[in-house]
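Subject: Structure handover

Hello,

Here is the structure for you to look over. My notes follow below it.

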Amino acid sequence: MSTAVNGRPEPLVSTLFELMMLRLRDELYALSDARFPGLRARHYRLLSFLPPEGERLSRLTEDSGLTKQALAQALAPLEVGGYVEVGPDPSDRRARLVRLSPRGREVNEAVRARLAGVEREWAARVGDDRWACARTVLTDLAVGGTRTGAD
């Protein structure tokens, strides 16, 4: 698949994702500047992994793809900033559980609202149906969805 776009070689898929991520990061950093000083894209990503009931550190390590050390480094400012609470898991006191604080839930709501605006912008540029299809494909790829349709 190497079709020319505007007289240039088709961009690599990695370049396309990078360009989209730059747009999203700009939005996240603007949100940091406005409401959540010091939070970076990695913090927003990590907060988005936490379910309402909380998550064990071991599971959060798996879900995030971070090492235990990297996770600890990323969680430290979130705990200090009051975005998460880390404590013993009531079902197994040896395990540590990470829970969103009310401030952490506020962050997740703000991020979802901000990025929904970006998605509306993209849908307006390419059409609602095309954006919905693109989002579905990305979701399937990210969560290991199965292929549908004829082979």
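At 29% relative accessibility, Glu-106 counts as partly exposed, a class that lies between buried (under 20% relative accessible area) and exposed (over 50%), with a 1.4 Å probe and protein chains only. Its partner in a salt bridge is Arg-103, and the closest N and O atoms are 3.4 Å apart. A salt bridge here is a side-chain nitrogen of Lys or Arg within 4 Å of a carboxyl oxygen of Asp or Glu. Arg-103 is likewise partly exposed, with a relative accessibility of 29%. Both residues lie in helix H5, three residues apart, or about one turn of the helix.

Before the rest, the conventions. This is a predicted model, in which local features need pLDDT of at least 70 and side-chain atom pairs count only at pLDDT 80 or more, while totals for chains, interfaces and linings use all residues. Residues are numbered from 1 along each chain as its sequence is written, and side-chain values use heavy atoms, with hydrogens and water left out.

Confidence

pLDDT is the predictor's confidence in each residue, on a scale from 0 to 100. Its mean over the chain is 91, and 92% of the residues reach 70 or more. Among the elements, H5 has the highest mean (97) and H3 the lowest (90).

Overall layout

The chain has six helices and three strands, in the pattern α-α-β-α-α-β-β-α-α along the sequence. The radius of gyration is 19 Å, well over the 15 Å that the globule rule gives for 151 residues, so the chain is more spread out than a compact globule. That radius is taken over C-alpha atoms, and the rule is 2.2 Å times the number of residues to the power 0.38. Helices (H or I, at least four residues) and strands (E, at least two) are DSSP runs, numbered from the N terminus. Along the principal axes, the C-alpha atoms fill a box of roughly 60 × 40 × 25 Å. Of the 151 residues, 28% count as buried. Among contacts (heavy atoms within 4.5 Å) between residues at least 6 apart in sequence, 48% join residues at least 24 apart.

The sheet

The three strands form an open sheet in the order E1-E3-E2, with antiparallel pairing. E1 and E2 are the edge strands, each pairing on one side only. Two strands are taken to pair if DSSP finds at least two bridges between them; E2 and E3, which run antiparallel, are joined by six. Glu-85 stands opposite Arg-99 in E3. In the loop between E3 and H5 is Ser-101, which is buried at 4% relative accessibility. Leaving aside residues up to four places away in sequence, Ser-101 touches Gly-82, Tyr-83, Val-84 and Glu-85.

Helix H3

Which residues of helix H3 (residues 57–64) are buried? They are Leu-60, Thr-61 and Ser-64. These cover an arc of only 105° around the axis, which puts them on the same side of H3; the arc is that of the directions from the helix axis to the C-beta atoms. The elements covering them include helix H2 (41–48), strand E1 (55–56), helix H4 (68–80) and strand E3 (92–100).

Other salt bridges

The structure holds nine salt bridges. In one of them, Arg-23 and Glu-121 bring their closest N and O atoms to 2.5 Å. This pair links distant parts of the chain, with Arg-23 in helix H1 (residues 13–34) and Glu-121 in helix H5 (residues 102–126), 98 residues apart. Arg-23 is partly exposed at 22% relative accessible area, as is Glu-121 at 31%. Both belong to a salt-bridge network that links Arg-23, Glu-27, Arg-114 and Glu-121.

Another salt bridge joins the side chains of Arg-56 and Asp-89 (2.6 Å, N to O). Arg-56 lies in strand E1 and Asp-89 in strand E2 (residues 84–89), so the pair ties together parts that are 33 residues apart in sequence. Arg-56 is partly exposed, with a relative accessible area of 31%, whereas Asp-89 is buried at 7%.

Regards
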